Amino acid sequence: MTDATQRPDRPDPLDDDLGWMLGIVFRGYVRAAEHALTDFPGGPRGYQVLTVAINGPARNQGAIAEELGIDRTVLTYLIDDLERPGFVARRADPADRRNRLVDVTDVGRAVWEQRRLALRHVESHLLGALTPTESATLRALLQRVACSAQVADPLRDLCEVVAQVKPAEAPAATRAGTAAVRGGRTTTPRGRRSSTD
């Protein structure tokens, strides 16, 4: 970011770039949060799973996966990690025996409270440039934006999102041999795979 006193007539374009601002804040938070959760089963993602399980009635793995935007297979491993030390327990859903509900144990609740306190310190440090009122306002605004984005779920089909913001590609980009994106994965047409595949 350029010092405004050096170029008062030309502010740095990054000063007004939402992606840059979110990226800086996100990276700072992730670094500090990973340190606070370094020995937590599943790391920050495991903590988020436990947070979702604590807040609200017991839910099945599918509902938790959808709320967090985590692949169900990955979530299964995260719940396994949380189950080993006794933070959560799975039980059959009385309404549908094929479903497994995730319950938080007393041990899990106590551990979550400790880690939540540590993360509050991280958040206070990160938002240290703001007054308490400004910090509360920022949290409220971010919550509103996050909830709106989650309901709209604009990244459900990443290819569709990219097509909406990216100019039409030149015809050369559709020729055989060019990697194509399908279902969020990059694929190479048959017969053109590299020797490293």
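Student: Hi! What kind of model is this?

Tutor: This is a predicted model, in which local features need pLDDT of at least 70 and side-chain atom pairs count only at pLDDT 80 or more, while totals for chains, interfaces and linings use all residues. Residues are numbered from 1 along each chain as its sequence is written, and side-chain values use heavy atoms, with hydrogens and water left out.

Student: Thanks. How many helices and strands are there?

Tutor: The protein chain has 7 helices and 5 strands. Helices (H or I, at least four residues) and strands (E, at least two) are DSSP runs, numbered from the N terminus. Starting at the N terminus, the order is α-α-β-α-α-β-β-α-α-α-β-β.

Student: And how much of the chain is buried?

Tutor: Of the 197 residues in the protein chain, 23% are buried. Buried means under 20% relative accessible area, exposed means over 50%, and partly exposed is in between (1.4 Å probe, protein chains only).

Student: Which residues touch the most other members of the largest nonpolar core?

Tutor: They are Phe40, Val49, Leu50, Leu75 and Leu82, in a core of 25 residues. A nonpolar core is a set of buried Ala, Val, Leu, Ile, Met, Phe, Trp, Tyr and Cys residues joined through side-chain atoms within 4.5 Å.

Student: Let me zoom in on leucine 75. What does leucine 75 touch?

Tutor: Leaving out residues up to four places away in sequence, leucine 75 touches Val49, Gln61, Ile64, Ala65 and Ile70. Contact means heavy atoms within 4.5 Å.

Student: OK, new topic: how do H2 and H3 pack?

Tutor: Helix H2 (residues 43-54) and helix H3 (residues 61-68) pack at an angle of about 120°, and their axes are 10 Å apart. Axes are lines fitted to C-alpha atoms, for helices over the stretch in contact, and angles run from 0 to 180 degrees between N-to-C directions. On the H2 side the contact has Gln48, Val49 and Val52, and these meet Ile64, Glu67 and Leu68 in H3. Those residues divide into 4 nonpolar, 1 polar and 1 charged.

Student: What counts as nonpolar, charged or polar?

Tutor: Ala, Val, Leu, Ile, Met, Phe, Trp, Tyr, Cys and Pro count as nonpolar, Asp, Glu, Lys and Arg as charged, and the others, Gly among them, as polar.

Student: What about H1 and H5, at what angle do they cross?

Tutor: They cross at roughly 150°, and their axes come within 10 Å. H1 brings Val25, Gly28, Tyr29, Ala32, Ala33 and Ala36 to the contact, and H5 brings Arg115, Ala118, Leu119, Val122, Glu123 and Leu126. By class, that contact has 9 nonpolar, 1 polar and 2 charged residues.

Student: Now the strands. What is the strand order in the open sheet?

Tutor: The open sheet of 3 strands runs E1-E3-E2, with antiparallel pairing. Strand E1 (59-60) and E2 stand at the edges with a single partner strand each, so one side of each has no neighbour in the sheet. Two strands pair if DSSP finds at least two bridges between them.

Student: How many bridges link E2 and E3?

Tutor: Strand E2 (residues 88-93) and strand E3 (residues 96-104) pair in the antiparallel sense over 6 bridges. A hairpin of 2 residues joins E2 to E3. Alanine 89 has aspartate 103 in E3 as its bridge partner, and arginine 91 stands opposite leucine 101 in E3.

Student: Which strands does H2 touch?

Tutor: H2 packs on the sheet and touches E1, E2 and E3, with its direction at about 105° to that of E3. Helix H4 (residues 72-83) lies across E2 and E3, running at about 120° to E2.
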